[in-house]
Amino acid sequence: MTSRVTLISPAITEALREARFDDGCSLDASGRRLARAAAGSLPVVERVVCSPTVRCRETAAALGLDPADAVSLAALDAGRWRGSTLADVSAEEPEALARWLSDPDAAPHGGESVRAVCDRVGSWLATMAQAEGRTVVVAEPEIVRAAVVRALGAPESAFWRTDVPPLTAVELSGRAGRWNVRLGHALG
């Protein structure tokens, strides 16, 4: 049995443009337009799921998808940094940010560590290995990163070395718990 999972990152938002930890903002006009333009470019699938965030739901809708929310694919909990820009956090808490970026077990913001999000997504991937057919997932960039890290059996330090541009797809195909990865390609 082969399982195929296509992970799609959400379209652009103001938070992404500002390098800000997600605070629930909507897609901007250009993100909505680009997602609508990519509608119809996806294969026929058995399942569609989505991170339960505003920008993922809006991206899915613009792509013409009707997903079920997957709570296990919720965005990484950035704790008190939510809504802050990376520049602000770097200026106000440089040591804490450096620790978070270098130690996969650190969660100085009071939220979730990189290891915790990778483990959570890895558990979800294990269930997907049992699901035959195709699944499309609209997921936050950090969820896509975590899926790639776990699919490749890479160390958590690879999490920060994986770029996930808006509206790109990463394809995982696997059987018997082993995944192959086709790295990001633009939709459309």
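Select Asp-119 to begin: Asp-119 is partly exposed, with a relative accessible area of 39%. Here buried means under 20% relative accessible area, exposed means over 50%, and partly exposed lies in between (1.4 Å probe, protein chains only). The model is a predicted one, in which local features need pLDDT of at least 70 and side-chain atom pairs count only at pLDDT 80 or more, while totals for chains, interfaces and linings use all residues. Residues are numbered from 1 along each chain as its sequence is written, and side-chain values use heavy atoms, with hydrogens and water left out.

**The salt bridges around Asp-119**

Asp-119 and Arg-150 form a salt bridge, with their closest N and O atoms 2.5 Å apart. A salt bridge is a side-chain nitrogen of Lys or Arg within 4 Å of a carboxyl oxygen of Asp or Glu. Asp-119 and Arg-150 belong to a network of salt bridges that also links Asp-105, Arg-115 and Glu-156. The structure holds 14 salt bridges.

**Helix 6**

Next, select helix 6, residues 114-128. Helices (H or I, at least four residues) and strands (E, at least two) are DSSP runs, numbered from the N terminus. Which residues of helix 6 are buried? They are Val-114, Val-117, Cys-118, Arg-120, Val-121, Gly-122, Trp-124, Leu-125 and Met-128.

Six of them form an open sheet in the order 3-2-4-1-5-6, with mixed pairing. Strand 3 (68-69) and strand 6 (178-186) stand at the edges, each with a single partner strand, so one side of each has no neighbour in the sheet. Two strands pair if DSSP finds at least two bridges between them.

Strand 5 (residues 168-175) pairs with strand 6 in the antiparallel sense over seven bridges. Within this pair, Thr-168 has Ala-186 of strand 6 as its bridge partner.

Turn to strand 1. Five of its six residues are buried, so strand 1 is largely enclosed by the rest of the structure. Strand 1 runs parallel to strand 4, joined by six bridges, and Thr-6 has Val-136 of strand 4 as its bridge partner. Strand 1 pairs with strand 5 in the antiparallel sense, over six bridges, and Leu-7 stands opposite Val-170 in strand 5.

Select Glu-140 and Arg-55, whose side chains meet in a salt bridge (2.3 Å, N to O). Glu-140 lies in the loop between strand 4 and helix 7 and Arg-55 in helix 3, so the pair ties together parts that are 85 residues apart in sequence. Are these two residues buried or exposed? Glu-140 is buried, with a relative accessible area of 0%, and Arg-55 counts as buried at 5%.

Finally, select Glu-142, which is placed in helix 7 (residues 141-152). Glu-142 is buried yet has no salt bridge; the nearest side chain of opposite charge, Arg-55, is 4.6 Å away. For charge, Lys and Arg count as positive and Asp and Glu as negative, while His and the chain ends are not counted. Leaving aside its neighbours within four places in sequence, Glu-142 is in contact (heavy atoms within 4.5 Å) with Ala-75, Leu-76 and Phe-159.

Key:
Axes fitted to C-alpha atoms, helices over the stretch in contact; angles between N-to-C directions.
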